[in-house]
Amino acid sequence: MANVVEVKVGLHCDECIKKILKIIKKIEDIETYNVDKQLNKVIVTGNVTTEEVIKVLHKNGKNAIPWEDVQAQPNC
């Protein structure tokens with residue numbers, strides 16, 4: 001069964017997006033992936049966990065947090 005993983009990642013420019021897509025494509029067992037530049041959000045579907053996606057992004061120098069953590073933060 002496919003999981004939908006959503007993480008917040010800094011998407012500052014087109015080069016950042018290209019690097020993140022290149023990293024994501026290398027993850028095994030992914031079916032689809034998408035980037036929402038406005039929300040700084042990466043969505044990955046497949047046989048992966050949030051922890052796996054974040055670990056791969058961190059390993060490649062990208063800061064990432066689970067999307068649920070972003071939504072749980074109160075607006076100041």
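## Cysteines

C16 counts as buried, at 11% relative accessibility. C13 is partly exposed, with a relative accessible area of 33%. The model is a predicted one.

A search of the whole structure finds zero disulfides. For C13, the nearest cysteine sulfur is that of C16, 3.6 Å away. C16 in turn has the sulfur of C13 as its nearest cysteine sulfur, at 3.6 Å.

## Nonpolar core

In soluble globular proteins, nonpolar side chains tend to be buried together. Here, the largest nonpolar core has 17 residues. Within this core, V7, I24, V44, V53 and L57 have the most contacts. Two or more residues each come from β1 (3-9), α1 (14-25), β3 (41-46) and α2 (50-59). Helix α1 gives the largest share, four residues.

V53 is one of the core residues with the most contacts. Apart from neighbours within four places in sequence, V53 is in contact with V5, V7, I24, I27, V44 and V48. Of these partners, V7, I24 and V44 are also listed among the residues with the most contacts inside the core.

## Lysine 41

K41 is buried, with a relative accessible area of 11%.

With neighbours within four places in sequence left aside, the contacts of K41 are E6, V7, L11, N34, V35, D36 and W67. Among them, V7 is also a contact of V53.

Technical notes. Residues are numbered from 1 along each chain as its sequence is written. This is a predicted model: local features need pLDDT of at least 70, side-chain atom pairs count only at pLDDT 80 or more; totals for chains, interfaces and linings use all residues. Side-chain values use heavy atoms; hydrogens and water are left out. A disulfide is a pair of cysteine sulfur atoms within 2.5 Å. Buried means under 20% relative accessible area, exposed over 50%, partly exposed in between (1.4 Å probe, protein chains only). A nonpolar core is a set of buried Ala, Val, Leu, Ile, Met, Phe, Trp, Tyr and Cys residues joined through side-chain atoms within 4.5 Å. Contact means heavy atoms within 4.5 Å.
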